[in-house]
Amino acid sequence: MELFFGRAQNILLRPVFHRAICQTKSASPTAFRRCTGSRTSSTIKTRIRAQQPGRPQVQSSSASSCSRCFHSSSFPSHRHPLRSLLRTPSLATVSKIGTRMSSSPEGQDMMEVLAGNSNQLADDICAAGSNAGKRQKLVMDYLKATDREGRSVSAEFPDGLDWFNVTEPLTLQGSLRGKVVVLDFFTYCCINCMHILPNLKRLEHLYPIEQGLAVIGVHSAKFRNEKDSNNIRAAVERYEITHPVVNDNVMAMWRKLRVQCWPTLMILGPRANPLFVILGEGNYDDLKLYVGSAIRYYREKGELRTHSLPIDLSHTAGLASHLKFPGKVVCCEGGEEELYAVSDSGNHRILIFEPSGTVRYTIGGKSSGFVDGGFREARFNAPQGVAFRGGDELYVADNENHAIRRIDLRTRTVSTVAGNGVQGNDRTGGKTGREQALSSPWDVAVYTTRDLDMSFHVDESKAPLKDVLLIAIAGIHQIWAIFLEDTIWWKFKKYTAGSCCAIAGSGHEQNRNTSYPHSAAFAQPSGLAINREVKEVYLADSESSAIRKISLTDGKVMAVAGGDRNPLDLFAFGDVDGKGYEAKFQHPLGVAYNAKDGHIYVADTYNHKIKKIDASTNCATTCEFREANGEIKRFSEPAGLCLDRTGQLLFIADTNNHELLVASLPDGTIRPLKLHFPVPEEMDSSSADDRATVLRSKHPIKLRLGSGKTVPKLRLLFNFTFPGKGTKLTEEAPQRWSLTLPSTDWSCERTNGSLDGAQSLTLPIAAPQGRELTANGNPVTIEIGFNLNLCEGDICFPKQFTVRLDVRQAEEDEDDDDDASKANNESEQHYEVQLSRATVALKHN
């Protein structure tokens with residue numbers, strides 16, 4: 001079981017737990033007497049510091065008449081898993097069912113209120129004994145009162161988590177809306193977590209998804225090894241878990257929902273409104289009572305939905321990828337940072353990531369739409385091409401929205417620069433913004449040019465440059481452009497900023513090359529790559545299975561490789577290396593030009609290959625890339641390519657394998673690029689909640705200045721004690737510490753490590769020699785961070801806290817009890833760290 005400490009402003013939120021309700025039908029007589037209060041239970045007293053400055057402290061106490069009944073001999077009463085975990089909420093929170101139930105006063109945490117109300121419900125149901133009707137009425141009254149509150153949890157599953165047993169990620173406000181949801185927070189090393197799996201399976205059989213229940217396993221790892229999705233997948237198969245499971249390897253939902261132990265069941269209503277919290281195992285009757293009552297209540301209100309979920313048990317055989325049919329990938333060539341963008345087409349979003357794979361921005365959602373706005377609100381529909389303009393703008397070919405979208409990385413907004421969400425049939429253009437309809441734009445590229453007029457510049461490098469966005473319009477077989485600035489284009493034609501029009505292609509589906517751009521014809525152009533040296537753009541003309549090019553000085557359209565001389569022959573496909581028309585491709589979708597080696601790289605999509613064409617000879621050859629095991633990489637309909645800034649790495653969107661790959665051109669090796677999604681800031685596991693518990697000694701350490709060859713020495717000794725019965729450090733679990741010294745002038749043999757089974761820690765620290773120990777007259781601070789794992793009986797929980805010690809310089813006339821220490825400029829300080837499930841305390845001996 002894990003406790004979680006959080007801080008609201010500077011306020012420590014102590015653990016809050018729900019007491020699972022007794023199972024009176026199956027409980028032994030002794031257990032039943034415990035439940036109904038024939039045994040005297042200890043009074044639980046809790047001090048809560050006010051959550052808002054200026055509010056007085058409140059002390060509350062309550063005698064519980066209902067201890068937790070576990071129907072297993074593994075829980076003797078003196079090691080009762082909840083006895084010391086239960087917290088009575090503040091006076092503002094404690095109340096009973098109906099009119100006595102707490103609402104959520106301003107400034108009070110919703111999860112804390114839920115736990116307090118769940119505790120009170122447990123007490124009242126225990127008091128009802130075996131009276132099934134009364135128990136049912138208590139729960140229904142509770143639901144009515146809770147439902148009136150009308151609040152929903154703000155937590156949502158972050159993007160980028162691996163899911164199992166489903167074909168796509170689930171969301172509380174999306175696919176799970178309209179369901180009574182049971183969130184099972186578990187970790188597969190925990191035997192108690194495994195014990196409740198049969199109960200969940202029974203519940204799922206009793207209330208199938210179509211009747212309104214969804215069980216979601218939220219795997220929140222305890223050990224590092226358990227964060228690996230491959231290991232979780234094996235556990236899901238091994239334990240025959242058939243409901244959806246998410247690997248919350250950053251414990252985002254755990255922290256956001258203030259979960260504190262394994263196993264925890266949190267039951268949500270159809271609006272993601274929190275209803276109940278159940279802790280521990282042995283709760284099936286209670287779980288069935290809660291869930292069954294909630295389903296009946298919301299069915300009568302008409303809020304339950306009968307839709308199914310995308311369950312597919314075959315997906316446990318492979319990880320649910322972060323990507324779904326990635327389309328195009330591009331490198332930012334002009335910004336200060338080397339960033340990349342990929343169109344995650346199947347997930348209807350754009351991802352901007354670093355070369356390491358860390359995702360910097362996620363733009364759009366996993367549901368399709370046509371919405372401008374912030375990165376979270378914006379929606380795309382199967383986006384394809386992406387192109388950077390400098391380091392702050394990204395243009396997107398929003399394919400099925402028939403639009404061009406602009407992403408502003410400075411303001412973090414998405415806007416529409418052409419198209420209106422409806423497929424157009426205009427083959428000329430000339431309008432601006434949403435007034436200009438488009439038809440399935442597939443790729444984009446930014447070309448920078450000077451005005452193509454007859455003006456003369458003594459220094460051509462000082463001629464004004466204009467940006468033009470080139471667009472492969474696959475739907476009507478043309479190349480269009482959006483002139484981002486007032487520009488003089490081919491044949492001295494002037495275009496105003498924002499103008500969107502066709503610049504090449506008649507609109508007929510052909511493979512026709514000609515010197516006159518509007519007489520030329522294309523066949524579903526799907527990829528663009530610019531050769532800035534010779535001012536040409538290369539095209540992957542997919543339906544003619546050809547690679548072609550357009551001169552950006554006059555619009556002449558020419559063949560490069562593949563296809564056939566006959567412009568009407570769109571069946572000249574194959575898989576042949578060769579020169580010009582002798583080469584054969586099959587529906588290529590992507591191209592990338594490498595200025596470093598003078599080659600055009602081609603995603604030969606339907607041949608499942610990557611090829612390259614020498615731009616000077618038009619000779620095409622097949623590239624072979626070998627994986628780490630020496631085998632040749634097999635692609636599955638790759639569609640997007642780009643080069644890094646050095647021209648040595650080729651990024652590949654391997655579409656049907658749902659992954660990004662990085663190939664090294666010098667040595668022919670290839671590796672997958674796994675994307676890493678940082679947790680949103682509000683769910684960040686490194687937030688202040690994680691290290692909110694700070695222990696300070698009341699007395700600063702006095703250390704004398706070293707002089708001559710004598711170095712001031714400080715010896716810190718920590719002894720860990722456990723006031724709670726049966727509490728101990730978990731065997732074989734990581735017990736880590738880290739040391740932060742005031743400056744680099746201080747030193748210690750080690751600044752981090754593990755306790756390795758010991759219940760003490762000694763840190764010999766050397767202070768600066770012959771220097772002042774204070775900072776501007778103030779004491780300096782030493783911090784020791786601890787990340788420990790403990791057990792009490794069958795319950796496991798972590799403790800994360802920081803010990804903060806102030807050190808000041810001792811004056812010569814100050815008394816010192818130890819003359820030897822005074823002479824040697826040494827100080828030895830002993831501390832006792834008291835650990836229990838409810839508290840952690842520091843005592844200076």
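Strands here are DSSP runs of E at least two residues long, numbered from the N terminus. The model on screen is predicted.

**Stop 1: Ser 499**

Select Ser 499, which belongs to strand β26 (residues 499-504). Ser 499 has a relative accessible area of 7% and is therefore buried, the cut-off being under 20%. Show its side chain: a polar atom there lies 2.8 Å from the backbone oxygen of Thr 496. Leaving aside residues up to four places away in sequence, Ser 499 touches Lys 431, Thr 432, Ala 481, Ile 482 and Phe 483.

**Stop 2: aromatic pairs**

The structure holds 17 aromatic pairs. Select Tyr 297 and Tyr 298, an edge-to-face pair whose centres are 4.9 Å apart and whose planes make an angle of 85 degrees. Tyr 297 is buried at a relative accessible area of 10%, and Tyr 298 is buried at 0%.

Now go to Phe 483 and Tyr 495, with ring centres 4.2 Å apart. Why does this pair count as stacked? The planes of Phe 483 and Tyr 495 are at 5 degrees, and planes under 30 degrees apart count as stacked. Phe 483 is in strand β23 (residues 478-483) and Tyr 495 in strand β25 (residues 494-495), so the pair links parts of the chain 12 residues apart. Both Phe 483 and Tyr 495 are buried. Phe 483 is also one of the residues that Ser 499 touches.

Next select Phe 718, Phe 720, Phe 786, Phe 801 and Tyr 831, a cluster linked by ring pairs.

**Stop 3: a charge over a ring**

Select Arg 202 and Tyr 284. Arg 202 lies over the face of Tyr 284, 3.6 Å from the ring centre.

**Stop 4: helix α3**

Select residues 132-149, which form helix α3.

At the N-terminal end, Asn 131 caps α3, with a side-chain oxygen 3.3 Å from the backbone nitrogen of Gly 133. After α3 comes Gly 150, which has a positive phi near 70 degrees.

Colour the buried residues of α3, among them Arg 135, Leu 138, Val 139, Tyr 142 and Ala 145. An α-helix has 3.6 residues a turn, so residues three or four places apart point the same way.

**Stop 5: residues 585-616**

Over residues 585-616 the chain is 53% strand and 0% helix. The end C-alpha atoms of this stretch are 19 Å apart.

Notes. Residues are numbered from 1 along each chain as its sequence is written. This is a predicted model: local features need pLDDT of at least 70, side-chain atom pairs count only at pLDDT 80 or more; totals for chains, interfaces and linings use all residues. Side-chain values use heavy atoms; hydrogens and water are left out. Helices (H or I, at least four residues) and strands (E, at least two) are DSSP runs, numbered from the N terminus. The expected span of a helix is 1.5 Å times one less than its number of residues. Buried means under 20% relative accessible area, exposed over 50%, partly exposed in between (1.4 Å probe, protein chains only). A polar contact is a pair of N or O atoms within 3.5 Å; within protein, one must be able to donate a hydrogen and the other to accept it, and residues adjacent in sequence count only if both atoms are side-chain atoms. Rings of Phe, Tyr and Trp (its six-membered ring) pair if their centres lie within 6.5 Å; planes under 30 degrees apart count as stacked, over 60 as edge-to-face and the rest as tilted. A charge sits over a ring if NZ of Lys or CZ of Arg is within 6 Å of the ring centre and within 35 degrees of the ring normal. Contact means heavy atoms within 4.5 Å.
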